[in-house]
Amino acid sequence: MANVPAQKKVADLVNGAAVAAQAIRAQVAILKALRTIFNTVNPSVVGTPLAGNLAALSASIDALDTQANLAVWTAMIAAYVPSHQGNSL
Amino acid sequence: MASGNTLAIFTPLGNEPPATNYATIGSRNGHPTLQYDDTTGWAAIFTAVMPQTYSNTTGITVYIAASAVATSGTMGWLVALERMDTGTDIDGDSFAGDQTVTAATVPGTSGQPLTLNVAITKGANMDSVVAGDPFRLRITRDVANDTAVGNTEILAVEIRET
């Protein structure tokens, strides 16, 4: 643990949360786009891993989307300091 | 030389970086900077010769002009001198103890320079540098005490006679 003031230790988690939130949002956006295309094509899911799971998967994508866009994550992204390299905790 | 007169000026491109934990060269709107990490104590080193006009009456005052990424928190520095007289083996470092530039609040606008200073008394605190001595000046960010998150960036350093 580095001998630095609390503000820099806090920035470790803020930056980590910001980077993760941006990555999660990007991945959720990909999932949502895939779902849209899938629904348009509407292939048969019989005998595939999606059989019986399609509704649950879609609901989970929506839940991820909701969580990833909570204000707390947006606040972490806004507070991100690129030149803080971490290693303070 | 009279008190307050300039003895030396250093700018980022004059840095002679240490082997490890060195401040990195940056650029901010075309201004060369020396970038300092906020957690690891990076350093920059400059070499000069103490002018013959230096009177060694009281000592020197080192002024450091720097900007910060942050718009809150404080910025502080550690300054050390190393005399390079005939008794010095330059194969090893022999800096005097760090002198602390008290951390002060950074400007509310990122990019505005903040000039801080520390008076260093003659003698041991200056590694006994006198007129005509080659010497090195080391500036380290005081990461243990300043609170600004993100890089701080040295723009220029001035040494004046105290």
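## The salt bridge between the chains

Across the interface of chain B and chain A there is one salt bridge, the term meaning a side-chain nitrogen of Lys or Arg within 4 Å of a carboxyl oxygen of Asp or Glu. The partners are Asp146(B) and Lys8(A), with the closest N and O atoms 2.5 Å apart.

This is a predicted model, where local features need pLDDT of at least 70 and side-chain atom pairs count only at pLDDT 80 or more, while totals for chains, interfaces and linings use all residues. Residues are numbered from 1 along each chain as its sequence is written, chains are lettered from A and ligands numbered from 1 in the order in which they are written, and side-chain values use heavy atoms, leaving out hydrogens and water.

## The rest of the interface

Chain B puts 15 residues into the contact and chain A puts in 14, where contact means heavy atoms within 4.5 Å. Together the two chains bury about 1,000 Å², 55% of it on carbon and sulfur atoms. That area is the accessible area (1.4 Å probe) that the two parts lose on being put together, summed over both. On the chain B side, Thr39(B), Thr147(B) and Val149(B) supply 47% of the area buried against chain A, more than any other three residues.

As for polar contacts, six residue pairs between chain B and chain A make the count, both residues at pLDDT 80 or more. Such a contact is a pair of N or O atoms within 3.5 Å; within protein, one must be able to donate a hydrogen and the other to accept it, and residues adjacent in sequence count only if both atoms are side-chain atoms.

## A four-strand sheet in chain B

Now for the sheet: chain B has an open one of four strands, in the order β4-β9-β6-β7, with antiparallel pairing. Its edge strands are β4 and β7 (99–105), each pairing on one side only. Strands here are DSSP runs (E, at least two residues), numbered from the N terminus, and two of them pair if DSSP finds at least two bridges between them.

Strand β9(B) (residues 134–141) is largely enclosed by the rest of the structure, because six of its eight residues are buried, that is, under 20% relative accessible area (1.4 Å probe, protein chains only). Seven bridges tie β9(B) to β4(B) (residues 43–49), and Thr47(B) has Arg136(B) as its bridge partner. Seven bridges also join β9(B) to β6(B) (residues 74–83), where Ala80(B) stands opposite Arg138(B). Moving on to β7(B), five bridges join this strand to β6(B), and Met75(B) sits opposite Ala104(B).

Notes. Buried means under 20% relative accessible area, exposed over 50%, partly exposed in between (1.4 Å probe, protein chains only).
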